[in-house]
Amino acid sequence: MKIGSLMKMLNDWDNYNERQRFYKSKDWQQLRTYIIYRDPLCKQCEKEGILKSSVDIDHIEDIIDKPHLRLEPSNLQGLCKECHSQKTYESIKDRIKQGRINNILKPVTKWKN
Ligand SMILES: [Zn+2]
């Protein structure tokens with residue numbers, strides 16, 4: 001499967017998934033504001049000595065693998081758009097390589113804590 005079509009499938013799937021509801025939740029919106037405040041600069045760019053504003057919040061341990069860490073500040077980092085897209089892309093590529101795409105494609109109806 002091509003990355004592009006998998007990404008499209010994930011987006012479609014997101015629309016009726018628990019994940020979508022999560023990103024709209026008040027808990028997440030509040031935590032998101034806090035993490036942007038805590039990590040004003042992209043963590044990845046910072047490692048390379050580049051100063052760039054963080055605009056996305058990344059789950060260091062993927063939300064698909066570790067949903068119980070979805071609201072854990074130590075599992076979150078601020079990233080710029082480019083670094084976040086790159087990380088997502090790499091993680092999907094790894095999943096395909098390891099044959100672990102089933103757990104992405106399985107709709108989550110309710111997350112356990
Ligand atoms: Zn960056």
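Trainee: Which way do Leu-76 and Gly-78 point from strand E2 (residues 76-79), and are these residues buried or exposed?

Mentor: In a regular strand, side chains alternate between the two faces of the sheet. Here, Leu-76 and Gly-78 point one way from E2, while Gln-77 and Leu-79 point the other way, and all are buried. Buried means that 20 or more other C-beta atoms lie within 10 Å of the residue's own; exposed means 12 or fewer, partly exposed is in between, and C-beta atoms are placed from the backbone. This is a predicted model: local features need pLDDT of at least 70, side-chain atom pairs count only at pLDDT 80 or more, and totals for chains, interfaces and linings use all residues. Residues are numbered from 1 along each chain as its sequence is written.

Trainee: What joins strand E1 (residues 56-59) to E2?

Mentor: Two strands pair if DSSP finds at least two bridges between them. E1 and E2 are joined by four bridges and run antiparallel.

Trainee: How many helices and strands does the chain have?

Mentor: Helices (H or I, at least four residues) and strands (E, at least two) are DSSP runs, numbered from the N terminus. This chain has six helices and two strands, in the order α-α-α-α-β-β-α-α along the sequence. Of its 113 residues, 10% are buried.

Trainee: How far does helix H3 (residues 26-38) reach from its first C-alpha to its last?

Mentor: The expected span of a helix is 1.5 Å times one less than its number of residues. H3, with 13 residues, reaches 18 Å, close to the expected 18 Å. The 18 residues of helix H5 (residues 81-98) should span 26 Å, and its end C-alpha atoms are 26 Å apart, which agrees. After H5 comes Gly-99, with a positive phi near 65°.

Trainee: Where is confidence lowest, and where is it highest?

Mentor: Look at pLDDT, the predictor's confidence in each residue, from 0 to 100. The chain's mean is 85, and 81% of its residues reach 70 or more. Helix H6 (residues 102-105) is lowest, at a mean of 60, and E2 is highest, at 98. Where pLDDT is low, the predicted coordinates should not be read in detail.
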